[in-house]
Amino acid sequence: MRGYQSDSYGERFADTYDEFFSEFTPSQHQIELLRKLAAGGHAVEIGVGTGRVALPLARAGVQVVGIDTSGEMLDRLARKATGLPVRMVHGDVNDIDADSLVGASLVYVVFNTFFMIAGTDAQVTCLRRVREMLADDGALVIEVFVPRPERFVNGQDIRIKRLTVNEVVLQVSQHHPTDQRVDSQDVVLRHGDPVELFPTQVHYHHPDQLDALAERCGFTLEARHAGWAGELFDATSGTHVSVYRAARVKEANTWA
Ligand SMILES: C[S@@+](CC[C@H](N)C(=O)[O-])C[C@H]1O[C@@H](n2cnc3c(N)ncnc32)[C@H](O)[C@@H]1O
(Lines give C-alpha, C1' and ligand atoms only; values in the text may rest on other atoms or scores of the structure.)
Protein backbone atom coordinates (compact mmCIF):
# COMPACT_ATOMS: atom_id res chain seq x y z
CA MET A 1 0.00 0.00 0.00
CA ARG A 2 1.76 3.09 -1.21
CA GLY A 3 2.61 5.52 1.60
CA TYR A 4 2.19 2.98 4.42
CA GLN A 5 4.85 3.20 7.16
CA SER A 6 5.30 1.45 10.51
CA ASP A 7 3.57 4.29 12.38
CA SER A 8 0.71 4.77 9.88
CA TYR A 9 -1.57 2.42 11.79
CA GLY A 10 -1.07 4.15 15.14
CA GLU A 11 -1.30 7.66 13.73
CA ARG A 12 -4.67 6.94 12.17
CA PHE A 13 -6.15 4.63 14.83
CA ALA A 14 -5.00 6.26 18.09
CA ASP A 15 -7.98 8.62 18.56
CA THR A 16 -10.59 5.93 18.04
CA TYR A 17 -8.72 2.70 18.92
CA ASP A 18 -10.40 2.10 22.29
CA GLU A 19 -13.85 2.72 20.87
CA PHE A 20 -13.19 0.79 17.65
CA PHE A 21 -12.10 -2.34 19.54
CA SER A 22 -14.28 -1.86 22.61
CA GLU A 23 -15.71 -5.38 22.36
CA PHE A 24 -12.23 -6.91 22.60
CA THR A 25 -11.69 -6.44 26.32
CA PRO A 26 -9.14 -9.09 27.39
CA SER A 27 -10.67 -12.02 29.20
CA GLN A 28 -9.73 -13.02 32.73
CA HIS A 29 -8.17 -16.16 31.18
CA GLN A 30 -5.84 -14.00 29.08
CA ILE A 31 -4.68 -11.85 31.97
CA GLU A 32 -4.31 -14.83 34.26
CA LEU A 33 -2.25 -16.80 31.72
CA LEU A 34 0.07 -13.84 31.05
CA ARG A 35 0.40 -13.17 34.79
CA LYS A 36 1.30 -16.80 35.38
CA LEU A 37 3.87 -16.82 32.58
CA ALA A 38 5.44 -13.60 33.91
CA ALA A 39 6.18 -15.68 37.03
CA GLY A 40 6.90 -12.71 39.28
CA GLY A 41 9.25 -11.03 36.78
CA HIS A 42 8.67 -8.22 34.32
CA ALA A 43 6.84 -8.54 31.02
CA VAL A 44 7.48 -6.77 27.71
CA GLU A 45 4.63 -6.12 25.29
CA ILE A 46 5.60 -5.49 21.67
CA GLY A 47 3.11 -3.09 20.09
CA VAL A 48 1.44 -2.14 23.37
CA GLY A 49 -0.94 0.34 21.74
CA THR A 50 -3.25 2.12 24.16
CA GLY A 51 -2.77 -0.59 26.80
CA ARG A 52 -5.79 -2.81 26.15
CA VAL A 53 -3.83 -5.74 27.65
CA ALA A 54 -0.95 -4.01 29.46
CA LEU A 55 -3.23 -2.06 31.82
CA PRO A 56 -5.22 -5.01 33.22
CA LEU A 57 -2.00 -7.03 33.43
CA ALA A 58 -0.33 -4.22 35.42
CA ARG A 59 -3.42 -4.05 37.65
CA ALA A 60 -2.90 -7.77 38.27
CA GLY A 61 0.53 -6.91 39.69
CA VAL A 62 2.85 -7.47 36.71
CA GLN A 63 5.44 -4.84 35.75
CA VAL A 64 4.97 -4.18 32.03
CA VAL A 65 7.28 -2.48 29.56
CA GLY A 66 5.28 -1.48 26.49
CA ILE A 67 7.05 -0.83 23.19
CA ASP A 68 5.26 0.99 20.40
CA THR A 69 6.27 2.73 17.23
CA SER A 70 3.37 5.17 17.54
CA GLY A 71 3.75 8.15 19.85
CA GLU A 72 0.02 8.83 19.49
CA MET A 73 -0.89 5.37 20.85
CA LEU A 74 1.58 5.75 23.73
CA ASP A 75 0.13 9.17 24.62
CA ARG A 76 -3.27 7.52 25.13
CA LEU A 77 -1.68 4.78 27.21
CA ALA A 78 0.25 7.28 29.37
CA ARG A 79 -2.99 9.07 30.28
CA LYS A 80 -4.50 5.83 31.59
CA ALA A 81 -1.42 4.33 33.27
CA THR A 82 -1.00 6.75 36.18
CA GLY A 83 -0.01 4.85 39.31
CA LEU A 84 0.43 1.55 37.50
CA PRO A 85 3.74 -0.31 36.92
CA VAL A 86 3.84 0.43 33.19
CA ARG A 87 6.90 1.82 31.38
CA MET A 88 6.69 3.00 27.81
CA VAL A 89 9.37 2.76 25.13
CA HIS A 90 8.74 4.68 21.93
CA GLY A 91 10.11 3.21 18.70
CA ASP A 92 10.11 0.30 16.32
CA VAL A 93 10.87 -2.89 18.25
CA ASN A 94 13.85 -3.49 15.96
CA ASP A 95 15.36 -0.02 16.46
CA ILE A 96 15.02 0.67 20.18
CA ASP A 97 17.84 0.24 22.67
CA ALA A 98 16.78 -3.08 24.22
CA ASP A 99 19.57 -3.31 26.81
CA SER A 100 17.36 -2.10 29.65
CA LEU A 101 14.75 -4.73 28.80
CA VAL A 102 17.04 -7.72 29.25
CA GLY A 103 15.92 -10.27 31.83
CA ALA A 104 12.20 -10.22 31.01
CA SER A 105 10.37 -13.35 32.08
CA LEU A 106 7.66 -12.82 29.48
CA VAL A 107 7.48 -11.14 26.08
CA TYR A 108 4.06 -11.08 24.45
CA VAL A 109 2.77 -9.88 21.07
CA VAL A 110 -1.02 -10.09 20.78
CA PHE A 111 -3.95 -9.10 18.56
CA ASN A 112 -2.09 -9.95 15.31
CA THR A 113 0.60 -7.37 16.04
CA PHE A 114 3.43 -9.79 15.18
CA PHE A 115 2.15 -9.83 11.58
CA MET A 116 2.27 -6.03 11.51
CA ILE A 117 6.06 -6.12 11.75
CA ALA A 118 7.18 -5.28 8.22
CA GLY A 119 8.03 -8.61 6.56
CA THR A 120 9.80 -11.87 7.30
CA ASP A 121 13.30 -10.39 7.72
CA ALA A 122 12.05 -7.82 10.22
CA GLN A 123 10.06 -10.52 12.05
CA VAL A 124 13.19 -12.69 12.34
CA THR A 125 15.16 -9.70 13.65
CA CYS A 126 12.36 -9.10 16.15
CA LEU A 127 12.44 -12.72 17.36
CA ARG A 128 16.23 -12.53 17.78
CA ARG A 129 15.81 -9.36 19.84
CA VAL A 130 13.14 -11.06 21.94
CA ARG A 131 15.56 -13.93 22.56
CA GLU A 132 18.09 -11.41 23.89
CA MET A 133 15.49 -9.71 26.10
CA LEU A 134 14.16 -12.92 27.64
CA ALA A 135 15.57 -14.64 30.68
CA ASP A 136 16.67 -18.20 29.84
CA ASP A 137 13.49 -19.74 31.23
CA GLY A 138 11.29 -16.94 29.87
CA ALA A 139 8.25 -17.35 27.64
CA LEU A 140 7.26 -15.73 24.36
CA VAL A 141 3.53 -15.55 23.60
CA ILE A 142 2.24 -14.76 20.13
CA GLU A 143 -1.47 -14.37 19.31
CA VAL A 144 -2.24 -14.19 15.59
CA PHE A 145 -4.90 -15.21 13.09
CA VAL A 146 -4.70 -18.36 11.01
CA PRO A 147 -4.31 -17.21 7.39
CA ARG A 148 -7.10 -18.22 4.97
CA PRO A 149 -5.80 -16.90 1.64
CA GLU A 150 -8.58 -18.80 -0.15
CA ARG A 151 -11.02 -16.10 0.99
CA PHE A 152 -9.56 -13.72 -1.61
CA VAL A 153 -11.20 -13.72 -5.03
CA ASN A 154 -8.90 -12.30 -7.70
CA GLY A 155 -6.67 -11.16 -4.82
CA GLN A 156 -9.41 -9.02 -3.27
CA ASP A 157 -11.90 -9.17 -0.44
CA ILE A 158 -14.53 -6.84 0.99
CA ARG A 159 -16.34 -7.64 4.21
CA ILE A 160 -18.77 -5.83 6.46
CA LYS A 161 -17.34 -5.26 9.95
CA ARG A 162 -20.23 -3.20 11.29
CA LEU A 163 -23.66 -2.29 9.99
CA THR A 164 -26.09 0.01 11.81
CA VAL A 165 -28.69 2.54 10.72
CA ASN A 166 -26.10 5.33 10.80
CA GLU A 167 -22.84 3.55 10.13
CA VAL A 168 -21.18 1.01 7.83
CA VAL A 169 -17.63 -0.20 8.39
CA LEU A 170 -16.21 -2.07 5.41
CA GLN A 171 -12.85 -3.79 5.35
CA VAL A 172 -11.37 -3.62 1.87
CA SER A 173 -8.33 -5.87 1.38
CA GLN A 174 -5.81 -6.71 -1.28
CA HIS A 175 -3.77 -9.92 -1.12
CA HIS A 176 -0.15 -10.16 -2.30
CA PRO A 177 0.42 -13.94 -2.19
CA THR A 178 4.11 -13.97 -3.12
CA ASP A 179 4.93 -11.74 -0.14
CA GLN A 180 2.20 -13.28 2.08
CA ARG A 181 1.04 -9.73 2.60
CA VAL A 182 -2.43 -8.22 2.99
CA ASP A 183 -3.07 -4.48 2.65
CA SER A 184 -6.38 -3.35 4.12
CA GLN A 185 -8.40 -0.25 4.72
CA ASP A 186 -11.24 -0.10 7.22
CA VAL A 187 -13.60 2.34 5.53
CA VAL A 188 -15.94 4.08 7.98
CA LEU A 189 -19.05 5.55 6.42
CA ARG A 190 -21.12 7.49 8.93
CA HIS A 191 -24.29 9.26 7.92
CA GLY A 192 -23.56 12.97 7.50
CA ASP A 193 -19.82 12.67 8.34
CA PRO A 194 -16.75 12.66 6.12
CA VAL A 195 -15.40 9.23 5.13
CA GLU A 196 -12.60 7.90 7.37
CA LEU A 197 -9.88 5.43 6.33
CA PHE A 198 -7.89 3.20 8.72
CA PRO A 199 -5.00 1.40 6.99
CA THR A 200 -3.37 -1.86 8.13
CA GLN A 201 -0.66 -3.96 6.51
CA VAL A 202 0.07 -7.49 7.65
CA HIS A 203 2.75 -9.99 6.67
CA TYR A 204 1.19 -13.30 7.64
CA HIS A 205 2.57 -16.75 8.29
CA HIS A 206 0.85 -20.10 8.65
CA PRO A 207 1.36 -21.68 12.09
CA ASP A 208 4.05 -24.12 10.87
CA GLN A 209 5.91 -21.25 9.15
CA LEU A 210 5.77 -19.23 12.35
CA ASP A 211 7.20 -22.17 14.28
CA ALA A 212 10.04 -22.48 11.74
CA LEU A 213 10.88 -18.76 12.12
CA ALA A 214 10.81 -19.09 15.89
CA GLU A 215 13.04 -22.18 15.75
CA ARG A 216 15.58 -20.30 13.62
CA CYS A 217 15.79 -17.79 16.47
CA GLY A 218 16.22 -20.36 19.24
CA PHE A 219 12.62 -20.93 20.36
CA THR A 220 10.64 -24.12 20.74
CA LEU A 221 6.86 -24.31 20.67
CA GLU A 222 5.62 -25.31 24.11
CA ALA A 223 1.84 -25.03 23.61
CA ARG A 224 -0.69 -23.85 21.07
CA HIS A 225 -4.37 -23.25 21.68
CA ALA A 226 -7.21 -21.64 19.77
CA GLY A 227 -7.86 -19.11 22.53
CA TRP A 228 -6.78 -17.82 25.91
CA ALA A 229 -8.92 -20.30 27.84
CA GLY A 230 -6.96 -23.22 26.37
CA GLU A 231 -9.47 -24.05 23.62
CA LEU A 232 -8.43 -26.90 21.34
CA PHE A 233 -6.48 -25.75 18.28
CA ASP A 234 -7.46 -27.61 15.11
CA ALA A 235 -7.85 -27.16 11.36
CA THR A 236 -10.95 -24.98 11.84
CA SER A 237 -9.40 -22.52 14.31
CA GLY A 238 -9.39 -18.90 13.23
CA THR A 239 -6.72 -17.77 15.62
CA HIS A 240 -4.01 -19.20 17.84
CA VAL A 241 -2.24 -18.37 21.05
CA SER A 242 1.23 -19.91 20.92
CA VAL A 243 3.70 -20.14 23.77
CA TYR A 244 7.38 -20.53 22.91
CA ARG A 245 10.29 -21.13 25.24
CA ALA A 246 13.89 -20.26 24.69
CA ALA A 247 14.93 -23.26 26.72
CA ARG A 248 14.08 -26.85 25.90
CA VAL A 249 10.39 -27.75 26.35
CA LYS A 250 9.83 -29.07 29.84
CA GLU A 251 7.08 -31.33 31.12
CA ALA A 252 5.12 -28.23 32.10
CA ASN A 253 1.60 -27.74 30.79
CA THR A 254 1.16 -24.00 30.26
CA TRP A 255 -2.58 -24.09 30.74
CA ALA A 256 -2.59 -26.46 33.76
C1 LIG B 1 -3.25 -4.02 16.52
S2 LIG B 1 -2.47 -2.85 17.56
C3 LIG B 1 -2.43 -3.79 19.06
C4 LIG B 1 -2.28 -2.94 20.29
C5 LIG B 1 -2.32 -3.75 21.60
N6 LIG B 1 -1.30 -4.76 21.62
C7 LIG B 1 -3.65 -4.42 21.78
O8 LIG B 1 -3.70 -5.64 21.89
O9 LIG B 1 -4.67 -3.71 21.79
C10 LIG B 1 -0.80 -2.93 17.02
C11 LIG B 1 0.14 -1.95 17.70
O12 LIG B 1 1.48 -2.29 17.34
C13 LIG B 1 2.22 -1.14 17.02
N14 LIG B 1 3.31 -1.55 16.12
C15 LIG B 1 3.20 -1.97 14.84
N16 LIG B 1 4.40 -2.28 14.33
C17 LIG B 1 5.30 -2.07 15.34
C18 LIG B 1 6.71 -2.21 15.44
N19 LIG B 1 7.44 -2.62 14.40
N20 LIG B 1 7.32 -1.90 16.61
C21 LIG B 1 6.58 -1.46 17.67
N22 LIG B 1 5.24 -1.30 17.63
C23 LIG B 1 4.60 -1.60 16.48
C24 LIG B 1 1.17 -0.19 16.40
O25 LIG B 1 1.58 1.15 16.49
C26 LIG B 1 -0.04 -0.50 17.27
O27 LIG B 1 -0.11 0.34 18.39
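User: Which residues form one aromatic cluster?

Analyst: The cluster consists of Tyr 9, Phe 13, Tyr 17, Phe 20, Phe 21, Phe 24, Phe 111 and Phe 198. This is a predicted model, in which local features need pLDDT of at least 70 and side-chain atom pairs count only at pLDDT 80 or more, while totals for chains, interfaces and linings use all residues. Residues are numbered from 1 along each chain as its sequence is written, and side-chain values use heavy atoms, with hydrogens and water left out.

User: What makes rings pair, and how many aromatic pairs does the count come to?

Analyst: Rings of Phe, Tyr and Trp (its six-membered ring) pair if their centres lie within 6.5 Å; planes under 30 degrees apart count as stacked, over 60 as edge-to-face and the rest as tilted. The count by this rule is 11 aromatic pairs.

User: Why is the pair of Phe 20 and Phe 21 classed as it is?

Analyst: The ring centres of Phe 20 and Phe 21 are 5.3 Å apart and the planes stand at 65°, so the pair is edge-to-face.

User: Are Phe 20 and Phe 21 buried or exposed, and how do you know?

Analyst: Buried means under 20% relative accessible area, exposed over 50%, and partly exposed in between (1.4 Å probe, protein chains only). Phe 20 has 10% relative accessibility, so Phe 20 counts as buried. Phe 21, with 13%, is buried as well.

User: What about Phe 198, buried or exposed?

Analyst: Phe 198 has a relative accessible area of 4%, so Phe 198 is buried. Phe 198 belongs to strand β9 (residues 196-203); strands (E, at least two residues) and helices (H or I, at least four) are DSSP runs, numbered from the N terminus.

User: What lies over the face of Phe 111, and what lies over the face of Phe 20?

Analyst: A charge sits over a ring if NZ of Lys or CZ of Arg is within 6 Å of the ring centre and within 35 degrees of the ring normal. Arg 52 lies over the face of Phe 111, 3.8 Å from the ring centre. Over the face of Phe 20 lies Arg 162, at 5.5 Å from the ring centre. As for its backbone, Phe 111 has a positive phi of about 60° although it is not a glycine, and its place is the loop between β4 and α6 (113-116).

User: How many residues surround the ligand, and which are the closest?

Analyst: A residue is near a molecule or strand if one of its heavy atoms lies within 4 Å of it. By that test 18 residues surround the ligand, the closest being Tyr 17, Glu 45, Gly 47, Arg 52 and Asp 68. The shell holds eight nonpolar, six polar and four charged residues. Here Ala, Val, Leu, Ile, Met, Phe, Trp, Tyr, Cys and Pro count as nonpolar, Asp, Glu, Lys and Arg as charged, and the others, Gly among them, as polar.

User: What makes a pair of N or O atoms a polar contact?

Analyst: The two atoms must be within 3.5 Å; within protein, one must be able to donate a hydrogen and the other to accept it, and residues adjacent in sequence count only if both atoms are side-chain atoms. A backbone N or O atom of Gly 47 is 2.6 Å from a nitrogen atom of the ligand. For a backbone N or O atom of Thr 69, the distance to a ligand nitrogen is 3.2 Å. A polar side-chain atom of Asp 92 also lies 3.2 Å from a nitrogen atom of the ligand. Taken alone the ligand exposes 600 Å², and the protein buries 98% of that. Such accessible areas come from the Shrake-Rupley method with a 1.4 Å probe; for residues, only the protein chains shown count as cover.

User: Is Thr 50 buried or exposed, and what does its side chain contact?

Analyst: With a relative accessible area of 0%, Thr 50 is buried. Thr 50 sits in the loop between β1 and α4 (54-59), and its side chain makes a polar contact of 2.6 Å with that of Asp 18.

User: Are Ala 39 and Asp 95 buried or exposed?

Analyst: Ala 39 has 64% relative accessibility and counts as exposed. Ala 39 lies in the loop between α3 (28-38) and β1 (43-46) and has a positive phi of about 50° although it is not a glycine. Asp 95 is exposed at 65%, in the loop between β3 (86-90) and β4 (104-109).
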